[in-house]
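Please look at the sequence and the model shown here before reading on.

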Amino acid sequence: MGFLSVLSMAHKWIAERTSPGDIVIDATAGGGVDTLMLAGLVGPKGTVYAFDIQQEALDRTRGRLSSLPQNELPEIKLMLESHARMAEAVDRSAIGQVSTVMFNLGYLPGSSDLTIITEPASTLAALDAAISLLRPGGIVTCVLYPGHPGGAEEAARVEEWAAQLPQVLAQAVIYRQLQRTTAPYLIAIEKRPNPAR
Ligand code: SAM
């Protein structure tokens with residue numbers, strides 16, 4: 001039968017912690033698969049922010065969302081800016097209220113410019129912002145791709161960042177196939193229900 005793929009596991013952990021009406025963030029909209037999944041979870045009373053630095057990604061995401069009936073769509077905010085700015089970019093009322101922030105790092109598959117990739121400095125800034133936006137009990141997931149140039153370094157930096165998070169603030173876990181060192185893997189962080197920062 002095999003274990004779940006890293007993306008399916010990310011979706012499962014998110015679905016277990018996300019409810020209709022929630023505010024959620026897709027930090028890397030890309031082709032919109034994850035944004036669509038988040039939109040379905042939060043439903044018409046929810047809000048989905050989707051960040052990407054490429055207009056092409058946001059266009060693809062908008063197109064994919066059109067597969068949902070209009071009356072089932074949440075409020076969708078497509079943000080053409082770096083996820084590193086997410087704390088300033090979201091409505092102030094969302095601070096501390098976000099249930100899920102999802103990262104799927106790397107490049108936009110099928111893009112004409114595969115050199116546009118997530119970078120460690122902005123990824124780490126965005127992860128810090130994500131933790132500050134989460135509500136207690138909320139989750140951050142981060143799918144890492146060590147197989148492309150620069151991907152292994154970025155993955156190592158994210159792992160280091162997650163490992164040093166104070167345990168009183170959050171719990172960090174890793175889901176990884178051990179025999180394939182270049183295969184994608186998943187880090188997830190759950191903010192403590194009553195974090196003492
Ligand atoms: N979640 C997507 C999906 O469901 O199809 C896949 C995301 S794709 C692997 C990674 C995306 O991250 C690319 O579209 C890329 O443009 C975007 N990206 C790169 N740097 C970024 C940044 N600083 N802020 C936001 N998005 C960024």
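## Ligand surroundings

Which ligand atom lies 2.6 Å from a polar side-chain atom of Asp34? That atom is a nitrogen of the ligand. Such a polar contact is a pair of N or O atoms within 3.5 Å. Asp52 also places a polar side-chain atom 2.6 Å from the ligand, in this case from an oxygen atom. An N or O atom in the side chain of Gln54 is 2.8 Å from an oxygen atom of the ligand.

There are 22 residues around the ligand, and those that come nearest are Thr28, Gly31, Asp34, Asp52 and Gln54.

## Basis of the model

The model is predicted; local features need pLDDT of at least 70 and side-chain atom pairs pLDDT 80 or more, whereas totals for chains, interfaces and linings use all residues. Residues are numbered from 1 along each chain as its sequence is written, and side-chain values use heavy atoms, without hydrogens and water.

## Helices α1 and α2

Helices are DSSP runs (H or I, at least four residues) numbered from the N terminus. The axes of α1 (residues 6-15) and α2 come within 11 Å and cross at roughly 25°, which means that α1 is roughly parallel to α2 (angles under 35 degrees). Axes are lines fitted to C-alpha atoms over the stretch in contact, and angles run from 0 to 180 degrees between N-to-C directions.

The crossing of α1 and α2 is right-handed (the near helix is turned clockwise from the far one by less than a right angle). Leu7, His11, Ile14 and Ala15 of α1 make the contact with Asp34, Met37, Leu38 and Leu41 of α2, where contact means heavy atoms within 4.5 Å.

## Helices α2 and α3

Helix α2 (residues 33-42) and helix α3 (residues 55-65) have axes that come within 9 Å and cross at roughly 40°. The crossing is right-handed. Val33, Thr35, Leu36 and Ala39 of α2 meet Thr61, Arg64 and Leu65 of α3.

## Helices α5 and α6

The axes of α5 (residues 120-133) and α6 (residues 151-163) come within 10 Å and cross at roughly 30°, so α5 is roughly parallel to α6. This crossing is right-handed.

Conventions. Helices (H or I, at least four residues) and strands (E, at least two) are DSSP runs, numbered from the N terminus. A residue is near a molecule or strand if one of its heavy atoms lies within 4 Å of it. A polar contact is a pair of N or O atoms within 3.5 Å; within protein, one must be able to donate a hydrogen and the other to accept it, and residues adjacent in sequence count only if both atoms are side-chain atoms. Angles under 35 degrees count as roughly parallel, over 145 as roughly antiparallel, 65 to 115 as roughly perpendicular and the rest as oblique.
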